Amino acid sequence: MRLPLPQAAAQAHQPDHIAEVIETATTEFLAQCLDPEALAFSAMPPFGSWVTAVDEESANTVYGVVYHATTSPIDSVHRARALGLSLEDLRQQQPQIFAMLKTEFKAAIVGFRAPDLAGQPLGPLFQHLPPRPPQVHQAVYRCSPDAVIEFTEQLDFLRTLLAMGSAPVDSLVAAVLRQGYQLRKLDRPWLVQAGRNLSIFLKDDYDRLRIILGQVYA
């Protein structure tokens with residue numbers, strides 16, 4: 001049987017509800033993807049994609065960027081082995097395989113939205129670490145394009161990403177900028193401003209800046 005996530009909740013979740021926090025820390029959180037309704041592997045969020053999770057006690061909506069994802073057996077003792085079967089063959093001959101695997105991802109925390117004075121969720125955005133991360137078993141949602149565009153209007157969060165020690169930082173920054181550039185329909189002034197900010201944050205390391213911006217394309 002699949003582990004942890006209750007079946008009833010998995011069937012009723014919203015379309016953008018993709019995972020649940022299973023480990024949490026000041027700067028990042030680990031989430032397990034919800035089980036798909038059909039016989040399939042859980043959808044792995046793309047590298048550099050945006051997610052949110054609400055800290056229910058503070059009502060802060062915490063923003064994160066996916067930097068690592070894995071699919072592995074729920075049983076940590078036994079590793080998966082090659083079967084030489086197509087995905088359809090697995091569904092027909094080994095359907096239990098899908099119940100024996102879990103997909104998890106790590107997200108770097110880059111900011112949060114605090115509730116407004118009336119306690120409503122659409123308060124101000126802050127591009128620094130929140131007072132506390134989302135707690136274990138909080139829902140994790142995929143960010144909408146509009147939410148990503150809104151958050152990336154300011155670029156201070158790039159400093160937080162560049163300071164990470166547990167991620168392929170340059171590739172992650174490039175993936176985030178690439179997504180923002182594409183969502184903005186190739187807004188050149190925004191990309192130029194991002195390059196200027198990066199130049200300051202990287203202390204004029206132009207070789208590194210060139211490599212990062214070289215990965216940003218339409």
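Residues are numbered from 1 along each chain as its sequence is written, and side-chain values use heavy atoms, with hydrogens and water left out. Because the model is predicted, local features need pLDDT of at least 70 and side-chain atom pairs count only at pLDDT 80 or more, while totals for chains, interfaces and linings use all residues.

**Nonpolar cores**

A nonpolar core is taken as a set of buried Ala, Val, Leu, Ile, Met, Phe, Trp, Tyr and Cys residues joined through side-chain atoms within 4.5 Å. Buried stands for under 20% relative accessible area, exposed for over 50%, and partly exposed for values in between (1.4 Å probe, protein chains only). The largest nonpolar core has 33 residues, and W50, F157, L161, V173 and L177 touch the most other members. At least two residues of this core come from each of β4 (60-73), β5 (101-113), α3 (145-151), α4 (157-162), α5 (169-183), α6 (188-201) and α7 (206-213). The most is given by α5, with seven residues. Helices (H or I, at least four residues) and strands (E, at least two) are DSSP runs, numbered from the N terminus. A second, separate core has 14 residues, among them F29, A53, V62 and A107. In soluble globular proteins, nonpolar side chains tend to be buried together.

Contact is defined as heavy atoms within 4.5 Å. With neighbours within four places in sequence left aside, L161 is in contact with A108, V110, V169, L172, V173 and V176.

**V51 in strand β3**

V51 belongs to strand β3 (residues 50-55). What is the relative accessible area of V51? The value is 1%, so V51 is buried. Leaving aside neighbours within four places in sequence, the contacts of V51 are I18, F29, V62, Y63, G64, V66, F105, A107, V140, Y141 and C143. V66 lies 15 residues from V51 along the chain, and their C-alpha atoms are separated by 7.3 Å.

**Cysteines**

With a disulfide defined as a pair of cysteine sulfur atoms within 2.5 Å, the count is zero. C33 is in no disulfide, and the nearest cysteine sulfur, that of C143, is 15 Å away. C143 is likewise in no disulfide, its nearest cysteine sulfur being that of C33. C33 is buried at 2% relative accessibility, and C143 is buried at 12%.

**Salt bridges**

The structure holds seven salt bridges, each a side-chain nitrogen of Lys or Arg within 4 Å of a carboxyl oxygen of Asp or Glu.

E57 is exposed at 68% relative accessibility, whereas R132 is partly exposed at 26%. D55, E57 and R132 are linked in a network of salt bridges.

The pair of E153, in the loop between α3 and α4, and R184, in the loop between α5 and α6, links distant parts of the chain, 31 residues apart. E153 is partly exposed at 47%, and R184 is buried at 11%.

R208 lies in helix α7 and D170 in helix α5, so the pair ties together parts 38 residues apart in sequence. R208 is partly exposed at 27%, and D170 is partly exposed at 22%.
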